[in-house]
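Dear colleague,

Please find below the structure that I am handing over to you. My findings follow it.

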Amino acid sequence: MKCFEYPLDTGYLLRKKRAIKRELRAQGTANLHKKIAVLGGSTTNEVVDQLEMFLLNYGIEAEFYQSEYNQYWQDAMFGSEELDAFAPDVIYIHTGFRNITEFPTTASTKQEVEEMLQAQYQHFEVMWEKLSEKFRCPIIQNNFERPNYRLLGNKDISDYRGRTNFISRLNQKLYEYAQNHENFYVNDLDYLASDYGYAQWQDGFYWHMYKYALCLDAIPYLAKSLADIIKSLYGRNKKAFSLDLDNTLWGGVVGDDGVEGIAIGPEVSLGQVYEEFQNYLKAHKQIGVLLTVNSKNEMENAMAGLKHPDGPLKPEDFVAIKANWENKDRNLIETAAELSLGADSFVFVDDNPAERAIVEANVPGVSVPVMERAEQYIRTLDHGGYFEVTTLSKDDLARNEMYKANAQRAVQMASFADYGEYLDSLEMQATVRPFEPIYYPRISQLTNKSNQFNLTTRRCSEADIQNMQENPGWLCLYGKLADKFGDNGLVSVVAGEQQQTELHLRLWLMSCRVLKRGMEDAMLDCLVSDAKARGLTALIGYYYPTAKNGMVRDFYERMGFTRISLAEDGSSVWRCEVADYQPKHPHMTITR
């Protein structure tokens, strides 16, 4: 829906929130349910209303608990029966500079300020520790925005007695805590307020009349920022750009103007704009975002433009290039299929409103930001929050290379008549081991990002993964796969809960980039071996159908399980007797 694209139509979002929620629920795409506790240092009613709407847009149906006004600390430290029974999946602490209880004065000594700073920080740290110990779930904490006045003028930021200096140092302590504690995330309230405008954000009318810590019109921006963090935690980020070329990556039309006539590089002001934009896009490769080209162009002209000496982006920066005269919606769908991604994983970037309208109408779920002025391209995409980072694994950093290696594998596969010989030629090496702390972030990420090869679609936080591994009643395995073309990283996860002599498989998923390579066979061989070592007699597998995981509907049957039940909605339960299992012996070396 256009109202969720930057810049937000805040008036519409505030006025029509009930109608928007009804429409989003009617679409039936909210297939993930999460319980979110909002502990507020100010009034949070409208924050929750807007957050609920943004999460619905991301496919997350949220249930909320709200503390009473300014009772965030009491709820956290002393608990409440209602909060305990709620058992949140995510906790959001909505505080701001008005919740700082003591500030330096011009009479304060440096020692007094240090003690004051530590006391204010400890007020929050003990609360985070208490919540983490009790609920073992992600915690989102606002940092502190600066007040819209400076008693000492410009010196307020540098003098130890200045409020803005004090807030800046307090914020730094929050960041250090976040760097050293998993499942703790900072919502950058100070950036939001600065971007919006401190004076407007902190309109005193809303505080004194309603005890809202920000003006009403800014609340949708706050809600979007929170929703971006939560959807990233649960794998609802986008994964790739689908990029037009002419007047999007450079100024002008390469087919008409020639390579020498397009605007890119330092020579002219417009060229500098596009150079900066290309550098911004290229930086996304560092966080695992895939770059693809989707252009109405001759391939020769497209490649010439991408090889411009002043252009930061080169052909090798893209995992797929479609430069032809086909409709762009078709190109995008074909690119998604070639990369084993859903088309809704893409952000379509094109300066032409007609092309944007066609793609938006024909490719459900794709994000289509309004790209109106080249000078605003970066701001538009950045504020869209499409690729919000909550974890950054080694696999994220290497994702572009992994997809390029997959293209090399596809070329080699075409040269073999026998598929088994092709698999042998890859010289695959698998590692299958119990969950390990170093991989908790990646395992959690995989549970939240994998949609197609995902039998139960159970979404897990890092704390969930840790709890499974540390529980002796669970059997948990991850699988990594490498071959002569490169390392695919951690690509498969299986986790089962032991009940008497049966192992009930609550998680089984795999990255689509290693489909049909035998990794599922390796995982099952190892799973059965470990189950047998525990004295278990059977594996019980579950399949829960979604709009995206139809490809594994018959997975258990292919693996030799026997179906024992089938529900009307297509859900099924399968059984495998450990004693009767015949190892698959996939075309790879397996290290345990």
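I begin with strand 3, where Val90, Tyr92 and His94 point one way and Ile91 and Ile93 point the other way, and all of them are buried. Please bear in mind that this is a predicted model. Since 5 of the 5 residues of strand 3 are buried, the strand is largely enclosed by the rest of the structure.

The partners of this strand are as follows. Strand 1 is joined to strand 3 by 5 bridges, and the two run parallel. Within that pairing, Leu39 stands opposite Ile93 of strand 3. Strand 3 is also joined to strand 4 (residues 139-142), by 3 bridges and again in parallel. Here Ile91 has Ile139 of strand 4 as its bridge partner. Between strand 3 and strand 4 the chain passes through helix 6 (residues 110-135), and this β-α-β crossover is right-handed.

I turn next to the nonpolar interior. In general, nonpolar side chains of soluble globular proteins tend to be buried together. The largest nonpolar core in this model comprises 40 residues, and those with the most contacts inside it are Phe4, Leu13, Leu55, Ile140, Trp201, Leu222 and Ile230. Two or more residues of this core come from each of helix 2 (17-27), strand 1 (32-40), helix 3 (45-57), strand 2 (60-66), strand 3 (90-94), helix 8 (189-196) and helix 11 (219-233). The greatest contribution is that of helix 11, with 8 residues.

When neighbours within four places in sequence are set aside, Ile140 is in contact with Val90, Ile91, Tyr92 and Ile93, with Tyr185 and Asn187, and with Leu226, Ile229 and Ile230.

Finally, I considered the cysteines. How many disulfides does a search of the whole structure find? The search finds 0. Two cysteines illustrate the point. The sulfur of Cys3 has its closest cysteine sulfur in Cys215, at 18 Å, which is too far for a bond; Cys3 counts as buried because its relative accessibility is 8%. For Cys576, the closest cysteine sulfur belongs to Cys526 and is 14 Å away, so the separation is too far for a bond. Cys576 also counts as buried, at 5% relative accessibility.

With kind regards

Definitions and conventions. Residues are numbered from 1 along each chain as its sequence is written. This is a predicted model: local features need pLDDT of at least 70, side-chain atom pairs count only at pLDDT 80 or more; totals for chains, interfaces and linings use all residues. Side-chain values use heavy atoms; hydrogens and water are left out. A nonpolar core is a set of buried Ala, Val, Leu, Ile, Met, Phe, Trp, Tyr and Cys residues joined through side-chain atoms within 4.5 Å. Buried means under 20% relative accessible area, exposed over 50%, partly exposed in between (1.4 Å probe, protein chains only). Helices (H or I, at least four residues) and strands (E, at least two) are DSSP runs, numbered from the N terminus. Contact means heavy atoms within 4.5 Å. A disulfide is a pair of cysteine sulfur atoms within 2.5 Å. Two strands pair if DSSP finds at least two bridges between them. A crossover is right-handed if, with the strands pointing away from the viewer, the path from the first strand over the helix to the second runs clockwise.
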